[in-house]
Amino acid sequence: PFLIGESGKANDFILYDMMPILLVGHAAVYLGIAQAAFDEAVTHAKNRMHHHKEQTLGGYETIQRYIGEMKIELDKTRHLLYHAASKIDIGQSNQHFDPTIMSTKVAACETAQFVTNTAIQVCGGRGHNRNMPLERYWRDARAGSLMRPTDDVLKLFIAWSICELPIT
């Protein structure tokens, strides 16, 4: 048998050594969900024709604004995710509860919720259909903030870390 970490210290290994990787991994998953929802909404906006106006749904200014807002949130979160991953990769994240790493999971979950909600707004009733991927993305995005460590707990950890309080 082989052993990862010290014998009898599995909780410490997971909490201190693996947590940054797990948080960035969660963030990547929820950013991926958000991207998929965005792609679905853009495809719908480009292809859904309103014949009475002879234009696609994407021709409406409100839909254009929604698409712009989703893109901005995706780009901000992707930048944060890449920054956090690079901190881990180059060994710059030497504190076990790095606020940037913890913020990444929270930001990705919030972005996923915003983008999936907005994508459903763009797609209308079709977005709510249980047979369509957008409805599943919306449910999955909502679940992200509830996955351990929950976003509420991470926000406390972030504040404790910044205020140099012990994380309990």
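**View 1. Looking for disulfides among the cysteines.** Search this whole structure, a predicted model, and you'll find 0 disulfides. Cys-109 has 0% relative accessibility, and because the cut-off for buried is under 20%, Cys-109 counts as buried. Cys-123 has a relative accessible area of 9%, so it is buried too.

**View 2. Stepping into the second largest pocket.** Here Cys-123 turns up again, this time as one of the residues lining the second largest pocket. The space inside comes to about 180 Å³. Helix H1 (10-47) and helix H4 (133-144) are the elements that give two or more residues to this lining, and the largest share, 4 residues, comes from H1. Sorted by class, the lining holds 4 nonpolar, 5 polar and 3 charged residues.

**View 3. Inside the largest nonpolar core.** This core has 38 residues, and those touching the most other members are Met-70, Met-102, Val-115, Val-122 and Leu-134. At least two core residues come from each of H1, helix H2 (61-89), helix H3 (99-123), H4 and helix H5 (151-162). H1 gives the most, with 13 residues.

**View 4. Zooming in on Val-122.** Which residues does Val-122 touch, not counting those up to four places away in sequence? They are Ala-41, His-44, Ala-45, Leu-57, Ile-63, Tyr-66 and Met-70.

Conventions. Residues numbered from 1 in each chain as written. Predicted model: local features only at pLDDT ≥ 70, side-chain atom pairs only at ≥ 80, totals over all residues. Heavy atoms only, no water. Disulfide = S-S within 2.5 Å. Buried < 20%, exposed > 50% of the residue type's maximum accessible area, 1.4 Å probe, protein only. 1 Å grid on protein atoms, 1.4 Å probe; cavity = no way out; pocket = protein on both sides within 12 Å on 5 of 7 lines; lining within 4 Å. Points joined across faces, edges and corners; volume = space filled by probe spheres on them. Nonpolar A, V, L, I, M, F, W, Y, C, P; charged D, E, K, R; others polar. Core = buried A, V, L, I, M, F, W, Y, C linked by side-chain atoms within 4.5 Å. Contact = heavy atoms within 4.5 Å.
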